[in-house]
Amino acid sequence: MKFMLIIVITMGTVGHSPKTIEMRIPQENKEECLKSAKTFELKLPIPGIVMSMKSRCEPKSDEEQPEVKQVET
C-alpha cells in the first residue's frame, strides 16, 4: 500500500495570526513514510517568531496527488 507523507508548517510573528501550509508527498510504503516523517520534526525557540513543523503518514488513495496548500489554523 502506498502512503502520503503530510508535513504541516506553521509560521508567524507575535501579534499576528500564524499561517499554516500543508504539503503532501507520496511515499512507496509505510516504513519509508515513517522514516521520512522523522526528518521533518522541527520547533524553533526564537523570541517573537512562531514556527513549528509536524509530520504524519496516512494511507494514499488512488486519485490523491502531491500538493502544497495553505490551510486554516
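A residue is called buried when its relative accessible area is under 20%, exposed when it is over 50%, and partly exposed in between, using a 1.4 Å probe and protein chains only. By this scale G15, with a relative accessible area of 76%, is exposed. The structure is a predicted model, in which local features need pLDDT of at least 70 and side-chain atom pairs count only at pLDDT 80 or more, while totals for chains, interfaces and linings use all residues. Residues are numbered from 1 along each chain as its sequence is written, and side-chain values use heavy atoms, with hydrogens and water left out.

The C-alpha trace spans about 45 × 25 × 10 Å along its principal axes. Of the 73 residues in the protein chain, 27% count as buried. The chain exposes about 5,300 Å², and carbon and sulfur atoms supply 58% of this area; accessible areas come from the Shrake-Rupley method with a 1.4 Å probe, and for residues only the protein chains shown count as cover.

A contact means heavy atoms within 4.5 Å. Among contacts in the protein chain with a separation of 6 or more, 62% are between residues 24 or more positions apart. G15, for example, belongs to the loop between β1 and β2, and its C-alpha atom is separated by 8.7 Å from that of G48, which is 33 residues apart from G15 along the chain.

The interior can be followed next. A nonpolar core is a set of buried Ala, Val, Leu, Ile, Met, Phe, Trp, Tyr and Cys residues joined through side-chain atoms within 4.5 Å. The largest such core has seven residues in all: F3, L5, I7, I9, C33, A37 and M53. Two elements, β1 (3-13) and α1 (30-38), each give two or more residues to this core. Strand β1 provides the largest share, with four residues. M53, another member of the core, is found in strand β4 and counts as buried because its relative accessibility is 13%. The C-alpha atoms of M53 and I21 are separated by 9.5 Å, although the two residues are 32 residues apart along the chain.

Helix α1 shows two contrasting sides. Its buried residues are C33, S36 and A37. Seen down the axis of α1, the buried residues fall within an arc of 105°, so they line one face of the helix; the arc is that of the directions from the helix axis to the C-beta atoms. The cover over these buried residues includes β1, β2 (19-27) and β4. On the face turned away from the buried side sit the exposed residues E31, K35 and K38. At the start of α1, a side-chain oxygen of N29 comes to within 3.2 Å of the backbone nitrogen of E31.

With 0% relative accessibility, C33 counts as buried. Leaving out residues up to four places away in sequence, C33 touches F3, M4, L5, Q27 and C57. A disulfide, defined as a pair of cysteine sulfur atoms within 2.5 Å, joins C33 to C57, with an S to S distance of 2.2 Å. This pair links distant parts of the chain, as C33 lies in helix α1 and C57 in strand β4 (residues 49-59), 24 residues apart. The torsion about the S-S bond is about -110°, so the disulfide is left-handed. C57 counts as partly exposed because its relative accessibility is 21%.

T10 is placed in strand β1 and, at 16% relative accessibility, counts as buried. The side chains of T10 and T20 make a polar contact at 3.2 Å. A polar contact is a pair of N or O atoms within 3.5 Å; within protein, one must be able to donate a hydrogen and the other to accept it, and residues adjacent in sequence count only if both atoms are side-chain atoms. Neighbours within four places in sequence aside, T10 is in contact with P18, K19, T20, V50, M51 and S52.
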